[in-house]
Amino acid sequence: MFSKFSQAASANFVRSEERYYLSLVLVRELGRRIDVLKDNPLIVKFQDDEIITLYPDRTLLGKFTIPVTTEINRPYYEVSAEQLQRFASQPVAYVKVYFSSDKVSEEKMGRDELGTFFDYEIRNKNLQASLMEPAKCINQ
């Protein structure tokens, strides 16, 4: 989905009975631990400038992998059927991933009224459209 500095993410959709989720796999190199809590939203802006806000299904504490300098977070954000239709019909242009941590002091993050975040403009056309086909497929 994106790659910026020492961070990258991939995403896909998961269906559990009649519920849908956006599975985001966020990988950070040489960073400090971050936690994705239930009240940390994911803001998605589509190419047509529509914005949706998703929230994680549960709290996810940061997980370190080997080597110790790599961290992987895998939150599952709840997606409504209507939101899934947006993913199927419009490329994603921008994402803002909110998280909780009192130990991150990187210049690559931002803060606003909703909390602390990393944001990513998705410039690659293939990456922008990468969730359209999975959204169409899982919605069938």
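Asp 112 stands opposite Gly 115 in S11, where strands, at least two residues of E, and helices, at least four residues of H or I, are DSSP runs numbered from the N terminus. Three bridges join S10 to strand S11 (residues 115-121), and the two run antiparallel; strands count as paired if DSSP finds at least two bridges between them. The model is predicted, with local features needing pLDDT of at least 70 and side-chain atom pairs counting only at pLDDT 80 or more, while totals for chains, interfaces and linings use all residues. Residues are numbered from 1 along each chain as its sequence is written, and side-chain values use heavy atoms, leaving out hydrogens and water.

These strands belong to an open sheet of five, in the order S5-S4-S9-S11-S10, with antiparallel pairing. Its edge strands, each pairing on one side only, are S5 (51-54) and S10 (110-112).

Helix H1 (residues 81-89) packs on the sheet and touches S4 (42-46), S5 and S9 (92-99), contact meaning heavy atoms within 4.5 Å.

Strand S4 is joined to S5 by four bridges in an antiparallel arrangement, with Leu 42 opposite Leu 54 in S5. The hairpin of S4 and S5 has four residues between the strands, and there Asp 49 takes a positive phi near 75°. S4 also pairs with S9 in the antiparallel sense, over five bridges, and Val 44 stands opposite Val 95 in S9. Because four of the five residues of S4 are buried, this strand is largely enclosed by the rest of the structure; buried means under 20% relative accessible area, exposed over 50% and partly exposed in between, using a 1.4 Å probe and protein chains only.

Terms used: Axes fitted to C-alpha atoms, helices over the stretch in contact; angles between N-to-C directions.
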